[in-house]
Each structure stands twice: as C-alpha cells, then as structure tokens.
Amino acid sequence: AVDMLTAPSATARARAPSRPIGVARSRSRRAARVSEATEGGDERPTASTTNEERRRVNSTMDSLDAVLPRTTTGSEAESRAVDAPPPRPMGGTREERAARELAERDAAVSEARLEARRRRETPEGVTDGSWNPLWSPLSQVYNVPTVEPWAAYALAWCHVAAFAADLLSYKLAGGSGGDVFLRLALFDDAVVYDSQWTRVFTAGLVDFGLVHFALVNAGLALVGAEAEALLGTFPFLAVYALSAAFGGVASMAMDPSKLHVTSSDGLMGVLGALLLYSALNVENEWNPSGFTTRLLKCGALAVGLQYVASVPTEDGAGHVVNAAGHLVGFASGAALGYLGLSPTFTSEKFEPPDGRRKNLEDVTEVGAGGPK
C-alpha cells in the first residue's frame, strides 16, 4: 500500500493528465510527506497500521489543501486570455476621443439652432421682468410662450371712452345722457326688425352703471391682459367678441323687451378660455401657485359680475345684465378655447427638470379643429 501511494506505476503516469506547475509542486510535497510518514523499515505494515497511516495522510493532505492556493487549469487560463479584451488607454484612443468631442459639439450646435428657431417661431414676448406683478405668478419650472398684451387695454379704453361720452353729454350738453349707450346696446327690435346685427358686437363696448363699468374694466386690465399674454392677441379678441355675441343673443332671447349690454358676457368667455387653458395643460402640476391665484381671481370676478346681474333696472322690470348671458358667455369661451384658441402644450404631468427652467412649445394644431 505504501509503494502504491509513493510510486505510481508507469501506466498510471501515462494516463495522468498534465497539471500546472503549482498543482504539481503541491502534489510532490504531499508525496514527500507521505513517503516520510510511511517509511518505517523493511517490515511489512499490518492492516491497523495501514489504516492509521492512511488517516494521517488524508489529514495531512486536507491541511495542505486548505493552506496552498488553488490554480486554474491550463485550458481555463488560455480561454480567459483569449476572451479578455486588450488593454486600452484611459478615455479611449485618440481617434475615439476626437470623434466623441466632435459628436458632442455637433449636438450642442444642433440644440442651439433648434432653440433659436423655436424662439423665432414662438417668441417669449413677456419675460419675468415685464410680467405684471398683479397677474398670476409665473411657473418656476417652465418658460411659457407669451405675447405682449395690448388688445385688452384697448378694449378697456373703448369702455372708458363710451362711458365718458355719455357722462359728458349728460353734464355739459344738457342731454338726457346715455346716447352712446342707446346707439351701441343690444335691443331686440333694432336687431330683428331693423337688421342692426352689428349691435350684437357693439353691445360689448358699453356698460350698465358705474359698478358694472368698474368691474368690467378691472377684469380686462387684470385678468383680460393676462389671458391675452397666454392665449395670444387674436385668440383673445375672438373669444371676447364671440362670447359677448353668444351671450347677448341668449339674453335677448330670454328677455326681448329690454336693452342688453354684453361686455360682462365677453369677459366671462375670457375667464372660461383661461381656465380651460390651465386645465388642458395641467398647470396645477408645474405652476400650482399661478393656477391657484388665477382660479381665485376668476372666481371673485365672476361673483362680482353675477351680483351686478342680480340688480334690476330702475323700474324693477328687468335686468340689463343677466345671469343667462354670463353662463352662455362662459361656456362659449371654454368651447372656443377647446376648439383651438387656447394653446396646448401637453396633456401629461410634467417632471421637474434639473437646473434651470425649460421652455414649453405650443403644439396647437391651428385650423385642424383643435389641439393635437
């Protein structure tokens, strides 16, 4: 048994696979220790002695296996050497670094050109410096495309001119007053029998009494100008004129015997389009402060106009301003905004960007029946 452990036969040596140097060296150490442990003279060992020596040899080999490092076979080392990529310099080769820098520079130039084109096609107009502090706060996340308002102020001055002309005719010319009002207000007989359909639109330029005059002009200066800055000048004028016309026709249909003014109907239409703008663009997600402020201002103005609508004329027989016209005007403005007069940026929630504010783009499909 000792001879078989220490001196394997020639056939066993021929069949044994080649081992790495580390493994062969460890095996030779084990064989030397085994031979030293089993050399005890020329006497043949007994069975008990053989078993005891085998246990001692196995214990010695287990101790060596725990101490000596294990090396991989030659085939595994060769396959790893073949599969491993060759070492590369830090940051890639010179050609790769140059190509990467060129691609980054081209991407930056392309982004700058797109931004310049976007600003030409969708000018910012009103910026943080020129945004009226009495308007709703701007978003701290996105830059919204806006225009410089002027039509809302022009409409307010038209109301002032009509009101002042009536007041002067009453105070200075000795007239009964209200001459301009009578020429521009909406009246069923003048429209139906005399075909004065222009009154449907001119009735939006006059007001009923001082309180109504003050509310309408304050609304045009504060909410109307903000709506024009966000919606655009043409959409603002279209919403005001058409909402006033629809509200006036509804008022005239419900009470054909009275004169009607539709300036508050047009202003209610502007409120409807402005609130729809906030709803379509999910403004409460990316501009909660501005959305809340705008909602409160629109609500306060609507309550004031409804109060004026509840006040009857001096004879108590009817209302020059009525709630039906306000309701139809508000619904008309919201419908016109949904049909394309309100710019649409997105219908998804916004994610806060990292760093500076980002710009929004108007994706409204003009002339195709509504937003994309």
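**Ground rules.** Residues are numbered from 1 along each chain as its sequence is written, and side-chain values use heavy atoms, with hydrogens and water left out. As the model is predicted, local features need pLDDT of at least 70 and side-chain atom pairs count only at pLDDT 80 or more, while totals for chains, interfaces and linings use all residues.

**Overview.** I looked up the secondary structure and got 16 helices and 2 strands; these are DSSP runs numbered from the N terminus, helices being H or I with at least four residues and strands E with at least two. Of the 372 residues, 37% count as buried. Buried is under 20% relative accessible area, exposed is over 50% and partly exposed is in between, with a 1.4 Å probe and protein chains only. I also checked contacts, meaning heavy atoms within 4.5 Å. Of those with a separation of 6 or more, 72% are between residues 24 or more positions apart.

**Aromatic pairs.** My rule: rings of Phe, Tyr and Trp (its six-membered ring) pair if their centres lie within 6.5 Å, with planes under 30 degrees apart stacked, over 60 edge-to-face and the rest tilted. That gives 3 aromatic pairs. One of them is Tyr142 with Trp286, edge-to-face at 6.3 Å centre to centre and 85 degrees between the planes. Tyr142 sits in strand S1 (residues 142-143) and Trp286 in helix H14 (residues 283-286), 144 residues apart. Both Tyr142 and Trp286 are buried. Phe163 and Phe213 have ring centres 4.4 Å apart and planes at 15 degrees, so I logged this pair as stacked. Phe163 is in helix H7 (residues 151-171) and Phe213 in helix H11 (residues 209-231), so the pair ties together parts 50 residues apart in sequence. Phe163 is partly exposed at 27% relative accessibility, whereas Phe213 is buried at 15%.

**Cores.** A nonpolar core here is a set of buried Ala, Val, Leu, Ile, Met, Phe, Trp, Tyr and Cys residues joined through side-chain atoms within 4.5 Å. The largest has 35 residues, and Val144, Leu220, Phe236, Leu271 and Tyr277 touch the most other members. H7, H11, helix H12 (233-254), helix H13 (263-280) and helix H15 (288-310) each supply at least two residues of this core. H11 gives the largest share, 8 residues. I then listed what Tyr277 touches beyond four places in sequence: Val144, Leu230, Leu231, Glu283, Trp286, Ser342, Pro343 and Phe345. A second, separate core has 7 residues, among them Ala185, Val206, Val261 and Ala309.

**Ser243.** This one is in helix H12 and is buried, with a relative accessible area of 0%. Leaving out neighbours within four places in sequence, Ser243 contacts Ala238, Asp265, Gly266, Gly269, Gly329, Ser332, Gly333 and Leu336.

**Ala164.** I found Ala164 in helix H7, partly exposed with a relative accessible area of 31%. Ala164 and Val180 are 16 residues apart in sequence and 9.7 Å apart in space, C-alpha to C-alpha.
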